[in-house]
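Subject: Structure for your review, with notes

Dear colleague,

I am passing on the structure we discussed, and my notes follow below it. Please read them with the model open beside you.

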Amino acid sequence: MRRLLLTAVCAIAVGLPLAATSEEPASDPLILLPALAKPKPTAATALGELAQVAPGIATTGDAVVLEGRILIESGPVDGMEVFACLEGGKYHESLVRLATGNGQLVKFAVIRVLGLDDGQPAAEGSGQPARGVPLRVVLQWPSPDDPATWLELDASCLVRDRVSDRAYPPLPFIYTGSRIQAVTETGPDGKPVKRERFMLDSTKSVMVAFDEPDALLASPFPGANLDQRFEANSALTPPVGTPVRLVIRRAELPVTLTMDVAGTLRASEGGPALDDAALKAVLVTAFAGERPGLRALGVRVTDPATERSHDTAARQRLLAAAAEAGVWAVPVFVLTK
């Protein structure tokens with residue numbers, strides 16, 4: 001009932017018919033996945049000595065640390081599109097406001113520490129998965145009971161899905177790197193002029209729940225073509241104004257498959273094609289029970305020119321296999337260059 005009410009409110013808020021935002025249980029694969037224990041914050045891992053890149057941006061040996069503050073702790077009614085934005089970003093639909101407005105320095109820090117190449121973002125509203133490098137993002141914040149003690153939780157667990165009526169388990173976000181794009185602007189003489197812009201500095205969306213092609217870190221969530229389905233997990237989100245740290249590292253996935261240019265899934269490149277029974281066996285081995293760690297399996301795209309429709313088909317097949325296997329796992333697509 002709560003899920004249906006929230007969906008109806010979302011539809012009214014954005015002026016859309018209910019059918020445009022709702023998902024029937026039979027049509028949304030996340031509803032068919034088993035319920036997991038609710039995530040809980042744990043004592044924060046010590047970061048060690050931090051090297052300051054710029055105000056609000058620091059690095060350690062294997063992580064990038066971004067400082068910020070909580071903007072919302074519930075909702076918003078029309079959907080939480082952004083997890084973390086730069087200064088001047090979409091405050092009304094972002095969970096975290098970062099303490100920097102410099103997208104170029106954020107990307108510089110990520111590249112320098114994690115050594116990443118740009119991926120292939122999902123076109124807005126396309127429903128396609130992004131391709132890139134999975135990154136584990138952990139949010140740290142001071143305990144309200146003891147400000148000297150910090151807590152942490154995977155960032156994805158602070159996002160709640162209105163369709164499945166659950167918060168997400170630990171999932172990686174996907175580094176795509178934003179992009180440089182030619183845009184037409186008005187010059188000093190009033191005439192249009194084309195300029196190249198680093199789009200992160202324009203959109204200011206560092207991490208997103210909704211498909212936004214200019215974000216630095218893309219959404220891992222199936223159904224990210226509808227921003228109305230996401231909201232802050234009010235059961236766990238710290239109060240508005242709480243100082244936080246986003247700690248970004250490379251993700252270690254429990255299992256990674258490969259997908260060739262024809263969309264065939266294999267356990268390893270050159271290995272035999274995996275039928276449905278083999279896929280279910282892989283998923284059970286990697287994800288059965290309440291195991292700690294990320295609930296994502298990698299799908300390595302061996303040829304960047306592979307049609308994006310193969311990603312969508314593979315995701316549907318793997319989600320169906322996870323439901324049949326009785327495990328909670330979603331695929332994320334790893335770009336091999």
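Which residues of helix α5 are buried? They are Leu279, Leu283, Ala286 and Phe287, where buried means under 20% relative accessible area, exposed means over 50%, and partly exposed lies in between, with a 1.4 Å probe and protein chains only. Seen down the axis of α5, these buried residues fall within an arc of 75 degrees, so they line one face of the helix; the arc is that of the directions from the helix axis to the C-beta atoms.

Before going further, please note that this is a predicted model, in which local features need pLDDT of at least 70 and side-chain atom pairs count only at pLDDT 80 or more, while totals for chains, interfaces and linings use all residues. Residues are numbered from 1 along each chain as its sequence is written, and side-chain values use heavy atoms, with hydrogens and water left out. Helices (H or I, at least four residues) and strands (E, at least two) are DSSP runs, numbered from the N terminus.

To return to α5, which covers residues 276-287, its twelve residues should span 16 Å at 1.5 Å a residue, and this agrees with the 16 Å that separates its end C-alpha atoms; the expected span is 1.5 Å times one less than the number of residues. The buried residues of the helix pack against β18 (256-259), β19 (265-266), β20 (296-301) and α6 (308-325), contact meaning heavy atoms within 4.5 Å. Exposed residues Ala277 and Thr285 sit on the face turned away from the buried side, and just after the helix Gly289 takes a positive phi of about 80 degrees.

Strand β7 (residues 131-142) has eleven of its twelve residues buried. Pairing here requires that DSSP finds at least two bridges between two strands. With β21 (residues 330-335), β7 pairs in the parallel sense over two bridges, and Gly132 has Val334 as its bridge partner there. Its antiparallel pairings comprise three bridges to β11 (residues 173-175), six to β17 (residues 243-250) and five to β8 (residues 150-154).

The whole structure contains five aromatic pairs, counted for rings of Phe, Tyr and Trp (its six-membered ring) whose centres lie within 6.5 Å, with planes under 30 degrees apart called stacked, over 60 edge-to-face and the rest tilted. One of them, Tyr168 with Phe230, is tilted, at 6.3 Å centre to centre and 40 degrees between the planes, and both of its residues are buried. Phe173 and Phe221 form an edge-to-face pair, at 6.0 Å and 80 degrees; Phe173 lies in β11 and Phe221 in the loop between β15 (217-218) and β16, so this pair ties together parts 48 residues apart in sequence. Phe173 has a relative accessible area of 0%, and Phe221 counts as buried at 2%. Phe83, Tyr168, Phe173, Phe221 and Phe230 form one aromatic cluster.

Finally, Gly190 is found in the loop between β12 (180-186) and β13 (192-198), where it counts as exposed at 51% relative accessibility.

Best regards
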